[in-house]
Amino acid sequence: MKHVLKPSQYAILVAIMLSASIGDSFLKRGMGQVGAVNLNHLGLLWHALFNPYVDIGIVFLIGFFAAYTTALSWADLTFVMPATAFGPVVIALIGRYWLHEQLSVSRWLGIGLIVCAVGFVAGGPSRTEHPELDQMDAGASR
Amino acid sequence: MTLSPFVHQWSAIAFVAALAVVGEVMIASGMRQLGDLDDIRATRGLLGTIAAVLKNARFVIGALCMALNFFSMLFALSIAELSLAAPAIGALTYIGNAVAAKFFLRERVDRRRWLATMCVVVGVILLAR
């Protein structure tokens with residue numbers, strides 16, 4: 001049986017692709033303002049929690065985890081995996097088109113391969129059916 | 001006996017990747033056990049769904065592994081260059097997840113998914129260069 005994803009499920013996959021990289025970008029910006037943390041200055045980690053960029057980054061990362069666990073409730077791990085790999089692609093494209101950074105040929109190749117990977121799995125079924133295992137799991141979770 | 005820096009670095013990288021694989025497989029297994037969260041939310045509401053997830057032992061073990069993975073990653077980055085550790089951990093995690101998904105989660109990892117996994121592995125390594 002081929003599982004067809006609903007629009008809301010595609011939205012969850014897009015959220016996985018975008019939220020981790022956006023969250024990391026906010027964290028990086030916030031930690032840049034807070035300063036370097038080392039064993040002698042662990043108190044800075046507490047201070048970092050009051051930085052708005054760090055807070056926004058944490059909210060995005062919580063959103064990523066929520067979207068990721070939701071996707072795993074209706075799709076295989078090997079189906080969701082390429083979507084999680086899309087984060088570095090988003091960061092590289094933001095760097096290229098927003099920050100006007102130069103991307104090397106090897107980075108463009110990397111972007112192309114990850115886009116291909118998402119395309120490969122998106123064309124296949126999202127879930128492997130195991131009626132007998134699902135029944136056992138349902139019994140165990142009761 | 002002292003370990004060479006090469007063995008030391010790659011042991012840390014392998015440990016971090018193994019924790020990520022165990023964590024993600026446990027979370028995936030827990031979510032499969034619970035079923036579609038949208039259906040649960042329709043009957044029990046958002047708070048009921050969050051409670052159901054947090055009561056799932058496999059999810060909790062997986063989340064603990066991911067937390068441990070985060071701190072062991074910090075340790076790995078203190079002994080290995082970021083340009084080595086990040087792509088190596090990413091690549092090993094993707095391969096480990098595909099193997100574990102096939103044998104532990106019994107997912108149907110067909111040629112299409114293996115090809116996607118290998119594309120992700122090479123892509124992550126190229127992006128980190």
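Is the crossing of α4(A) and α4(B) left-handed or right-handed? I looked this up in a predicted model, and the crossing is right-handed.

**Entry on the two α4 helices.** I then listed the residues that make the contact: α4(A) supplies L77(A), T78(A) and M81(A), and α4(B) supplies Y94(B), N97(B), A98(B) and A101(B). Of these contact residues, five are nonpolar, two are polar and none is charged.

**Entry on helix α5 of chain B.** I found 17 residues in this helix, which runs over residues 111-127. The distance from its first C-alpha to its last is 24 Å, close to the 24 Å expected at 1.5 Å a residue. Among its buried residues I noted R113(B), T117(B), C119(B), G123(B) and L127(B). The cover over the buried residues of α5(B) includes α4, α5 and α6 of chain A, as well as α4 of chain B.

**Entry on G123(B).** I placed this residue in helix α5 of chain B. Why does G123(B) count as buried? I recorded 29 C-beta neighbours inside 10 Å, and G123(B) is buried because the cut-off is 20 or more. Setting aside residues up to four places away in sequence, I found that G123(B) touches A85(A), G110(A), L113(A), I114(A) and A117(A). I also looked up E24(B), which lies 99 residues from G123(B) along the chain; the C-alpha atoms of the two are separated by 20 Å.

Terms used
Residues numbered from 1 in each chain as written. Chains lettered and ligands numbered in written order. Predicted model: local features only at pLDDT ≥ 70, side-chain atom pairs only at ≥ 80, totals over all residues. Left-handed = near helix turned anticlockwise from the far one by under 90°. Helix = DSSP H or I, 4+ residues; strand = E, 2+ residues; numbered from the N terminus. Contact = placed C-beta atoms within 7 Å. Nonpolar A, V, L, I, M, F, W, Y, C, P; charged D, E, K, R; others polar. Expected span 1.5 Å × (residues − 1). Buried ≥ 20, exposed ≤ 12 C-beta atoms within 10 Å, placed from the backbone.
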